[in-house]
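Work through the exercises below with the sequence and the model at hand. Try each task before reading its solution.

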Amino acid sequence: MYNVVTKSKDVTLLEILDRVLDKGVVISGDMVISVANVDLIYLGLKVLLSSVETMEKLRGSPFVGPMQEAK
Amino acid sequence: MTMKLYLYGIIDSSDQIKESIYGLEGAGVYNIPFCDIGAAVSEICQMTQDTTDSAVLEHEAVVEKLMTDFTVLPVRFQTVIEGRDNLLSIMKSYYRDFKDNLERLRNKFEFGIKVIWPADKIKENIIKALKKDEQKKLDSGSSSGKRFMKEKFEKYKIDKELEAKADKFIKVMDIFFSKFAAEKKTEKLKTENLLIDAVYLVEKDKERNFREAFEHVKSARPDFKYLFSGPWPAYNFVVLSKKSGLLRDSEQADLLDKVTQDQILVGADSI
């Protein structure tokens, strides 16, 4: 029998957080970019740490893909 | 007062977004075009958004809705730009990078796969096998120094064996996925139990094959645990080389000529 990790909403949320907070286009790695003395971009990234081993404990409802979860 | 623009993603179109999409603070999302690409933004009042689950989900929801009609380069949460002019300036600077990425990621999705294995159990088996080989030597009696070195060496051998087993499984994954994934990024043994944390870039029309391949991988080791997620916007596959993305002055002038008056006026009515 498969012992597949049951993908709960919490697991999906962690997957989303991992991407939205830590991946994607970053215009600059700095918190604030200053160009010609004008603060252009404010990146206020609070790092959320999670491990898959924690996810493993979060078993519950059947997996729903990120497309559905995020809406 | 200059309006603040919350940037969700860069899209491969200068056309307006037809579908009504609402982003953070319930504001409508629209496209600010630059040449043949665009920046999907909404106007916000707060300089920064709290990093709450709901705010992150709203951001992701916008990106995924955009993904249904456009190729999207998802932008990291909480990227706020002070005014249209600054945004256009950024678009100009990064235009080449954005174009290259949009081209590379066209019609492709990202999938995530995490595989968890019972590291303790596997280690136990390795130790058992090693003990058999080493039994005689251990029983032969040795000084505490030698015993210490032996134990150290034994631990090293266990770790190496564990890694070899991980490599073997990853090789199996590669055999199944390589045909259907355009690109991949993998991290082996991030933690002892997390055998592999992988993301794959898959063409839309190969999604079904990719999912089937995943089922094959699962059946190869049903005692492991798997987390499959996607399709996602290609968060992990956007590669910006800021230096090469910047255009020369002459190129920038050419590009600015191409930005039509219509494009410049997009969003101006809400300033």
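Predicted model: local features only at pLDDT ≥ 70, side-chain atom pairs only at ≥ 80, totals over all residues.

Residues are numbered from 1 along each chain as its sequence is written, chains are lettered from A and ligands numbered from 1 in the order in which they are written, and side-chain values use heavy atoms, with hydrogens and water left out.

**Exercise 1. Find the strand order of the open sheet of four strands in chain B.**

Solution. 
1. Helices (H or I, at least four residues) and strands (E, at least two) are DSSP runs numbered from the N terminus; two strands pair if DSSP finds at least two bridges between them.
2. β6(B) and β8(B) are antiparallel and share nine bridges; in one pair, F111(B) is opposite Y200(B).
3. β7(B) is joined to β8(B), residues 194-203, by seven bridges, again antiparallel, and E187(B) faces D197(B) there.
4. β6(B) and β9(B) run antiparallel with six bridges, one of the pairs being V115(B) with Y226(B).
5. The order is therefore β7-β8-β6-β9, with antiparallel pairing.
6. β7 (181-188) and β9 (225-232) of chain B each have a single partner strand, so each has one side without a neighbour in the sheet.
7. On average, neighbouring strands are turned by 15° against each other, direction ignored. Axes are lines fitted to C-alpha atoms, for helices over the stretch in contact, and angles run from 0 to 180 degrees between N-to-C directions.

**Exercise 2. Decide whether the residues of β6(B) are buried or exposed.**

Solution. 
1. Buried means under 20% relative accessible area, exposed over 50%, and partly exposed in between (1.4 Å probe, protein chains only).
2. K108(B), E110(B), G112(B), K114(B) and I116(B) point to one side of β6(B), while F109(B), F111(B), I113(B) and V115(B) point to the other.
3. Nine of the nine residues are buried, so β6(B) is largely enclosed by the rest of the structure.
4. For chain B, with 271 residues, 49% count as buried.

**Exercise 3. Describe how α4(B) and α5(B) pack.**

Solution. 
1. Helix α4(B), residues 144-177, lies across β6, β7, β8 and β9 of chain B and runs at about 15° to β8(B).
2. The axes of α4(B) and α5(B), residues 207-220, come within 9 Å and cross at roughly 150°.
3. Angles under 35 degrees count as roughly parallel, over 145 as roughly antiparallel, 65 to 115 as roughly perpendicular and the rest as oblique; α4(B) and α5(B) are therefore roughly antiparallel.
4. Contact means heavy atoms within 4.5 Å. α4(B) contributes F169(B), M173(B), F176(B) and F177(B), and α5(B) contributes F210(B), A213(B), F214(B), H216(B) and V217(B).

**Exercise 4. Locate the largest nonpolar core and its residues with the most contacts.**

Solution. 
1. A nonpolar core is a set of buried Ala, Val, Leu, Ile, Met, Phe, Trp, Tyr and Cys residues joined through side-chain atoms within 4.5 Å.
2. The largest core has 57 residues, and L66(B), I113(B), V115(B), M173(B), F177(B), Y200(B) and F210(B) have the most contacts inside it.
3. Its largest share, seven residues, comes from α4(B).
4. Leaving out residues up to four places away in sequence, M173(B) touches I113(B), V115(B), I196(B), Y200(B) and V217(B).
5. Another core, of 30 residues, lies apart and includes L5(B), L87(B), L105(B) and L201(B).
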